[in-house]
Amino acid sequence: MRVIMLGAPGAGKGTQAVRVAEKYAIPHISTGDIFRANIKGGTELGKKAKSYMDAGKLVPDELVCDLVADRIAKEDCANGYVLDGFPRTIPQAEALEAVTKKLGAEVDYAVNIDVPDEAIVSRMGGRRACVGCGATYHVVFNPPKKEGICDTCGQTLILRDDDKPETVQTRLNVYHDQTQPLIDFYAERGKLATVDGTRTMDEVFAEILEKLGE
Ligand code: AP5
Ligand code: MG
């Protein structure tokens, strides 16, 4: 199963991608997590990506396309993968299409998690992310067992720099401008599966599985 998660920032792509990956025993590939790990590790890629991310802008296509192409060609992606946060622009979607055609394994579904902007803003302020493994929580909707500590790896949970309200608005604008056109891109190819992202996490997951033909 090769799946793309589409949706606005905070729509729940990461939350659902983890579940889909577990269900099908395939890797969860989040470009945002890859960049954050590179920033933490002080790599060249991290240095280049940081200023764009902190401003709520997209990292340039050339920094992300090859990275994903290499990642999905790896052995552990032979049975599929969940791409979370990629593609985010039409050129990225075209690059992915070219590479998957070459690999002889095209994407099966683009799952679009639909959430209106008003709901996004309130969700982001409550999100907490693990500095260690990238796991995501919400202070109300999905709290960790111990406040401020990751259930999975025990490291500290933080409010992401780009989750400040003013940056969230920029990210939403960037989403509408550059990423939303991908909904039509995948609809035209008969691959779009839209789910209502305003429901509970379990309900959203159930709808995704239904759309994936489970
Ligand atoms: P990225 O990390 O991908 O951020 P994003 O797309 O803005 O998405 P988020 O991770 O903020 O939201 P999400 O949809 O994963 O929601 P989550 O599950 O956490 O990218 C960050 C930056 O990296 C970009 O701005 C860009 O600069 C750069 N970048 C990354 N990829 C790139 C690319 N391909 N090209 C260029 N630049 C790129 O959920 C949000 C919160 O809501 C959580 O607290 C969660 O617990 C809660 N929640 C989830 N579902 C529900 C529900 N059903 N009900 C209630 N609460 C819920
Ligand atoms: Mg995410």
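Reply: Start with Arg-171, a residue of helix H7, which spans residues 165–179. Keep in mind that this is a predicted model. Is Arg-171 buried or exposed? Its relative accessible area is 12%. The cut-off for buried is under 20%, so Arg-171 counts as buried. That area takes in protein chains only.

Next, the surroundings of Arg-171. Its side chain reaches the backbone oxygen of Asp-162 at 2.6 Å.

Ligand 1 is surrounded by 35 residues. Arg-171 is one of the closest, along with Thr-15, Lys-57, Arg-88 and Arg-127. An oxygen atom of ligand 1 lies 2.5 Å from a polar side-chain atom of Thr-15. For Arg-127, a side-chain N or O atom is 2.6 Å from an oxygen atom of the ligand. With Thr-31 the ligand atom is a nitrogen, and the distance to an N or O atom of the side chain is 2.7 Å.

Strand E5 covers residues 127–130 and is joined to E6 by three bridges, with the two strands antiparallel. One bridge sets Arg-128 against Tyr-137 in E6. These strands are part of an open, antiparallel sheet of three, ordered E6-E5-E7. Its edges are E6 (136–138) and E7 (157–158), each of which pairs on one side only. Helix H6, residues 117–126, lies across E5 and E6. The helix runs at about 45 degrees to E5.

Now the other sheet. This one is also open, with five strands in the order E2-E3-E1-E4-E8 and parallel pairing. E2 and E8 (192–196) form the edges, and each pairs on one side only. From one strand to the next, the twist averages 20 degrees.

E1 (residues 2–7) pairs with E3 in the parallel sense over four bridges. Arg-2 has Tyr-81 as its bridge partner, and Val-3 stands opposite Val-82. E2, residues 28–30, also runs parallel to E3, joined by three bridges. There, Ser-30 is bridged to Asp-84.

Leu-83 leads on to the packing. Leu-96 touches Leu-83, and also Ile-4, Ile-72, Phe-86, Pro-87, Val-107 and Tyr-186, not counting residues up to four places away in sequence. The largest nonpolar core has 49 residues, and within this core Leu-96 and Tyr-186 touch the most other members. Helix H4, residues 61–72, gives the most to the core, with five residues.

Arg-171 is buried, and its side chain reaches a backbone oxygen of Asp-162.

Notes. Residues numbered from 1 in each chain as written. Chains lettered and ligands numbered in written order. Predicted model: local features only at pLDDT ≥ 70, side-chain atom pairs only at ≥ 80, totals over all residues. Heavy atoms only, no water. Pairing = 2+ DSSP bridges. Core = buried A, V, L, I, M, F, W, Y, C linked by side-chain atoms within 4.5 Å. Buried < 20%, exposed > 50% of the residue type's maximum accessible area, 1.4 Å probe, protein only. Contact = heavy atoms within 4.5 Å. Polar contact = N/O pair within 3.5 Å; in protein donor to acceptor, adjacent residues only side chain to side chain. Axes fitted to C-alpha atoms, helices over the stretch in contact; angles between N-to-C directions. Near = heavy atom within 4 Å.
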